[in-house]
Amino acid sequence: MVEDLLGSVYGRSGEVAGALIIVLISVGLYLLFSRILRRLRVKGVMDRSLEDALRLIVGVLLAVVALPLAISLLFRIEYGPLISLLILSFFLFSLILSSREYLANVLSFIIFSIAGTLKEGEYVRIDIGQSSYEGRVALSKGEYMSLRTEHGHLVYVPYSKLHSSVITKFSKALVSVRLKARGKGLEVEELLRTVDDALSKATYVDRDNVTVELLRVVESEDSREVMLLINARISNPANMNRAREELVELLMKNVQYETSVSVVEE
């Protein structure tokens, strides 16, 4: 019995070698694609979730093609390549059918990124049908664009929906205040740190667009007077008055010296 089995395997050594070669080529292609996808992720072209999804698709495609071919060659099935083609066609059709929304969103992301219709950090309102969403743009890779609201919430909007939406961009307004602080032992660096800490608590101000300019330092026998000009960008012009009030309140509350704050009118 063992001799018959060995004789059968020996008699089909060519088929066994062919099936083994097909499997090894498939494994090599999978490792090659995995390495390419990993390099693309390291370069920032894609994130880990997309890399894992593409690796899974490549693995399934190779398995769908290679395994039926190897089995048909090993067992001398006449229509093995045709079976592989039919299985591959069915898999691709199912994949396209199930992921058409994802593909539409990804293609829309590419279009919006290239066209520059929306840019990172812009404050916009997006009207989709009867719904309206407002916030700062974050062009994340994948299916959704995220809007960060004034309260810190994230709203995810499918990229494909943006083609049929109305997008309103709000121009950034500038609020300027003049801070005058006076006190004994007042240090400029310490005052700048205090102002920076105070402004980090602001909710109506774009914290990444705040500049502090030293206007003058006046020395006297027992004290020092420092004047600063603070310019802050407001993403939503509708909050201009609230932003002014907030800046004055935060500075008066946090600067522990004899302080006066005045709004500089444009």
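Tutor: Helices (H or I, at least four residues) and strands (E, at least two) are DSSP runs, numbered from the N terminus. This is a predicted model, in which local features need pLDDT of at least 70 and side-chain atom pairs count only at pLDDT 80 or more, while totals for chains, interfaces and linings use all residues. Residues are numbered from 1 along each chain as its sequence is written, and side-chain values use heavy atoms, with hydrogens and water left out.

Student: What percentage of the residues in the protein chain is buried?

Tutor: The protein chain has seven helices and nine strands. Of its contacts (heavy atoms within 4.5 Å) with a separation of 6 or more, 61% join residues 24 or more positions apart. Among the 266 residues of the chain, the buried share is 29%.

Student: Which residues of the largest nonpolar core touch the most other members?

Tutor: A nonpolar core is a set of buried Ala, Val, Leu, Ile, Met, Phe, Trp, Tyr and Cys residues joined through side-chain atoms within 4.5 Å. In soluble globular proteins, nonpolar side chains tend to be buried together. The members that touch the most others, out of 24 residues in the largest core, are Leu179, Leu191 and Val195.

Student: At about what angle do α6 and α7 pack?

Tutor: Helix α6 covers residues 188-199 and helix α7 residues 240-254, and their axes lie 9 Å apart. Thr194, Val195, Ala198 and Leu199 of α6 meet Leu247, Leu250, Leu251 and Asn254 of α7. Axes are lines fitted to C-alpha atoms, for helices over the stretch in contact, and angles run from 0 to 180 degrees between N-to-C directions. The packing angle is about 135 degrees.

Student: What is the relative accessible area of leucine 251?

Tutor: Leucine 251 belongs to helix α7. Not counting residues up to four places away in sequence, leucine 251 touches Val177, Val195, Leu199, Ile230 and Val261. Valine 261 is 10 residues away along the chain, and the two C-alpha atoms are separated by 7.5 Å. Leucine 251 is buried, and its relative accessible area is 0%.

Student: Is glutamate 246 buried or exposed?

Tutor: Glutamate 246 also sits in helix α7. Leaving aside neighbours within four places, its contacts are Lys201, Ala202, Thr203, Tyr204 and Val205. Lysine 201 lies 45 residues away along the chain, with a C-alpha separation of 9.6 Å. With a relative accessible area of 12%, glutamate 246 is buried.

Key. Buried means under 20% relative accessible area, exposed over 50%, partly exposed in between (1.4 Å probe, protein chains only).
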